[in-house]
Amino acid sequence: MEVKIREVGPRDGLQNEKEIVSTEAKIEWINQLVNTGLPYIELTSFVHAKWIPALADASEVVKGVKRSPHVTFGALVPNEYGLERALEAGIDEVAVFLSTSETHNQKNINKTIDKTLPVIKNVVTQAKAAKKTVRGYVSTVFGCPYEGTVNVDKVLSISTALMEMGVDEISLGDTIGIATPNQIENTIRKVATYIPLSRIALHPHDTSGTALANVYAAYKLGVRAFDGSVGGLGGCPYAKGASGNVATEDMIYMFNGMNIDTQVDLEKMTECAVWIQKKLKRPLPSHRLQVALAE
Ligand code: HMG
Ligand code: MG
């Protein structure tokens with residue numbers, strides 16, 4: 001595998017959907033995703049159900065999905081209580097998260113950045129003691145819906161703080177999908193002077209239609225891990241106007257065409273997009289999905 005695709009649809013995708021997908025349907029859909037060859041699936045979030053009602057069934061989903069030695073199952077964990085719930089459910093990998101901008105962090109997790117960092121440090125230490133790998137999401141890296149431009153030094157200080165805590169990989173989030181390839185290049189170049197490229201992932205949202213171009217720019221720089229969402233589902237409920245992640249199947253189509261191995265089956269992945277589109281009863285933005293439906 002030359003490029004690692006991290007599927008975040010069941011988490012980032014469903015967290016913002018109006019139509020609540022039943023637990024049974026989520027499990028059936030995730031089992032289909034397991035059969036596509038994906039190496040990682042982010043199943044859900046162990047956050048407060050009042051904040052993210054669509055993922056209130058986190059434990060049942062994690063316990064209900066079919067296990068495979070080829071797939072790592074991850075989940076979002078905001079604090080110690082979330083970790084307790086995630087470990088009890090049997091998650092393989094823990095994903096911690098915070099923003100580079102105060103207002104988004106406050107709205108998303110109800111704390112200042114300074115107060116969030118020790119909470120995350122505690123989660124990372126305990127997750128490591130439980131022999132789990134940990135990824136750290138850094139949000140609003142390329143711009144904040146409330147504060148606008150984000151200083152790249154802030155991105156750097158938060159990313160290095162996470163690495164010093166023991167996080168295995170950081171995922172740079174274009175939370176509101178506003179980045180362009182030159183910005184991706186400048187930011188990643190700067191972050192990569194302190195953090196090896198092998199430990200940096202890109203998490204593009206496609207609000208402005210630049211996500212795939214951003215993936216290509218990051219690939220050219222040497223990034224080899226990309227977050228995508230089947231069908232192009234997704235968005236952050238605490239970032240108004242943020243639309244879905246880059247569609248996983250569109251990314252795979254691009255990498256296939258470039259002879260870059262992802263180990264993910266494009267046809268099976270597109271079938272998973274068709275399946276969830278029917279459940280959600282709204283057209284999803286994925287290009288390959290629309291091609292498949294037109295055939
Ligand atoms: P809070 O209200 O400040 O929490 O929420 P608290 O510590 O004051 O506790 C209040 C109550 O919440 C207590 O219950 C706790 O037990 C309970 P009570 O005593 O009142 O009955 N509680 C919990 N319950 C379940 N699970 C937990 C948990 N923790 C406390 N883990 C909290 C703080 C972090 C919980 C809340 O703000 C929250 O759940 N936020 C989640 C927001 C979220 O999921 N946002 C979307 C994901 S981030 C994203 O999409 C960006 C990303 O994709 C990258 C990118 O695109 O940039 C990752
Ligand atoms: Mg996201």
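Which residues of the largest nonpolar core touch the most other members? They are Ala75, Val77, Val94 and Val96, in a core of 79 residues. The model is predicted, so local features need pLDDT of at least 70 and side-chain atom pairs count only at pLDDT 80 or more, while totals for chains, interfaces and linings use all residues. Residues are numbered from 1 along each chain as its sequence is written, and chains are lettered from A and ligands numbered from 1 in the order in which they are written.

**Nonpolar core**

- A nonpolar core is a set of buried Ala, Val, Leu, Ile, Met, Phe, Trp, Tyr and Cys residues joined through C-beta atoms within 7 Å.
- A residue is buried if 20 or more other C-beta atoms lie within 10 Å of its own, exposed if 12 or fewer, and partly exposed in between, with C-beta atoms placed from the backbone.
- Leaving aside residues up to four places away in sequence, valine 77 touches Phe46, Gly82, Leu83, Ala86, Val94, Ala95, Val96 and Val123; contact requires C-beta atoms, placed from the backbone, within 7 Å.

- Helices (H or I, at least four residues) and strands (E, at least two) are DSSP runs, numbered from the N terminus.
- Buried residues in α8 are Ile184, Thr187, Ile188 and Val191. They cover an arc of only 95° around the axis and therefore lie on the same side of α8, the arc being that of the directions from the helix axis to the C-beta atoms.
- Exposed residues Asn182, Asn186 and Arg189 sit on the face of α8 turned away from its buried side.
- The buried residues of α8 pack against α7, β6, β7 and α9.
- Helix α7 (residues 152–165) packs with α8 at an angle of about 40°, the axes being 10 Å apart. Axes are lines fitted to C-alpha atoms, for helices over the stretch in contact, and angles run from 0 to 180 degrees between N-to-C directions.
- The contact involves Val152, Val155, Leu156 and Ser159 of α7 together with Thr187, Lys190 and Val191 of α8.

**Helix α9**

- Helix α9 (residues 211–221) has Ala211, Asn214, Val215, Ala217 and Ala218 as its buried residues. These fall within an arc of 165° seen down the axis, so they line one face of α9.
- The partners of these buried residues are β6 (169–174), α8 (181–191), β7 (200–204), β8 (225–228) and α10 (248–257).
- Between α8 and α9 the packing angle is about 35°, with axes 8 Å apart.
- This contact is formed by Pro181, Ile184, Glu185, Ile188 and Arg189 of α8 and by Ala213, Asn214, Ala217, Ala218 and Leu221 of α9.

**Loop residues**

- Asparagine 110 lies in the loop between α5 (102–109) and α6 (113–129). Its phi is near 65°, a positive value in a residue other than glycine, and asparagine 110 counts as partly exposed with 13 C-beta neighbours inside 10 Å.
- Threonine 140, in the loop between β5 (133–139) and α7, also has a positive phi, near 55°. Threonine 140 is buried, with 30 other C-beta atoms within 10 Å.
- Glycine 37 is in the loop between α2 (23–34) and β2 (40–45) and is partly exposed, with 18 other C-beta atoms within 10 Å.
- Not counting residues up to four places away in sequence, glycine 37 touches Gln263, Val264 and Asp265.
- The C-alpha atoms of glycine 37 and valine 71 are separated by 8.0 Å, although the two are 34 residues apart along the chain.

Key. Contact = placed C-beta atoms within 7 Å.
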